[in-house]
Amino acid sequence: MATDLTICVKQGEDVLRRVQLKTGDIPLDLSTYENVTVQVKKAPLVTATPMFEKVITTVSEDTKDGVITSPSNGEFVIRFTKEDTSY
């Protein structure tokens, strides 16, 4: 399953965003998945090679990558650190 989500950040910014994945109007139960993988790309998104990716789990480090906060409700937070956004 792939879904495009655009998060705008300023260069050198530390950003934490809460995300809820849904199938239609129903939250996606993330407890049936091992992780959520987020790829960061330059445009065009379809053909661009990822600059880096974040693998988010229920035990991942929220100060570095993010963490699944409510698996049954499809919620996680993703963190882009100052180092991530300093391109």
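Author: What follows is a set of questions and answers on the core, the sheet, the aromatic side chains and the salt bridges of this predicted model.

Reader: Which elements give two or more residues to the largest nonpolar core?
Author: The largest nonpolar core has 13 residues, and those with the most contacts inside it are Val-36, Ile-56, Phe-76 and Ile-78. In general, nonpolar side chains of soluble globular proteins tend to be buried together. The elements that supply two or more residues to this core are β1 (15-20), β4 (36-40), β5 (52-56) and β7 (75-80).

Reader: Is Phe-76 buried or exposed, and at what relative accessibility?
Author: Phe-76 is found in strand β7, where Val-19 stands opposite Phe-76. Leaving aside neighbours within four places in sequence, the residues in contact with Phe-76 include Leu-30, Val-36, Val-38, Ile-56 and Ile-68. Since buried means under 20% relative accessible area, Phe-76 counts as buried, at a relative accessibility of 4%.

Reader: In the open sheet of three strands, which strands stand at the edges?
Author: The order of this open sheet is β1-β7-β6, with antiparallel pairing. β1 and β6 (66-70) each have a single partner strand, so one side of each is left without a neighbour in the sheet, and the strands at the edges are therefore β1 and β6.

Reader: Over how many bridges do β1 and β7 pair?
Author: The three-stranded sheet places β1 and β7 next to each other in its order, β1-β7-β6. Their pairing is in the antiparallel sense, and the number of bridges is six.

Reader: What is the geometry of the aromatic pair formed by Phe-52 and Phe-80?
Author: A search of the whole structure finds one aromatic pair. Phe-52 and Phe-80 form this pair, with 6.5 Å from centre to centre and 70 degrees between the planes. The pair links distant parts of the chain, as Phe-52 is in strand β5 and Phe-80 in strand β7, 28 residues apart. Planes over 60 degrees apart count as edge-to-face, and the geometry of Phe-52 and Phe-80 is accordingly edge-to-face.

Reader: How many residues apart in sequence are the parts that Arg-79 and Asp-14 tie together?
Author: The side chains of Arg-79 and Asp-14 meet in a salt bridge, at 2.5 Å from N to O. Arg-79 lies in strand β7 and Asp-14 in the segment before β1, so the parts that this pair ties together are separated in sequence by 65 residues.

Reader: Is Lys-54 buried or exposed, and what is its relative accessible area?
Author: Both Lys-54 and Asp-84 are buried, and Asp-65 is buried with a relative accessible area of 16%. Lys-54 is itself buried, with a relative accessible area of 4%.

Conventions. Residues numbered from 1 in each chain as written. Predicted model: local features only at pLDDT ≥ 70, side-chain atom pairs only at ≥ 80, totals over all residues. Heavy atoms only, no water. Core = buried A, V, L, I, M, F, W, Y, C linked by side-chain atoms within 4.5 Å. Buried < 20%, exposed > 50% of the residue type's maximum accessible area, 1.4 Å probe, protein only. Helix = DSSP H or I, 4+ residues; strand = E, 2+ residues; numbered from the N terminus. Pairing = 2+ DSSP bridges. Contact = heavy atoms within 4.5 Å. Phe/Tyr/Trp six-rings, centres within 6.5 Å; stacked < 30°, edge-to-face > 60°. Salt bridge = Lys/Arg side-chain N within 4 Å of Asp/Glu carboxyl O.
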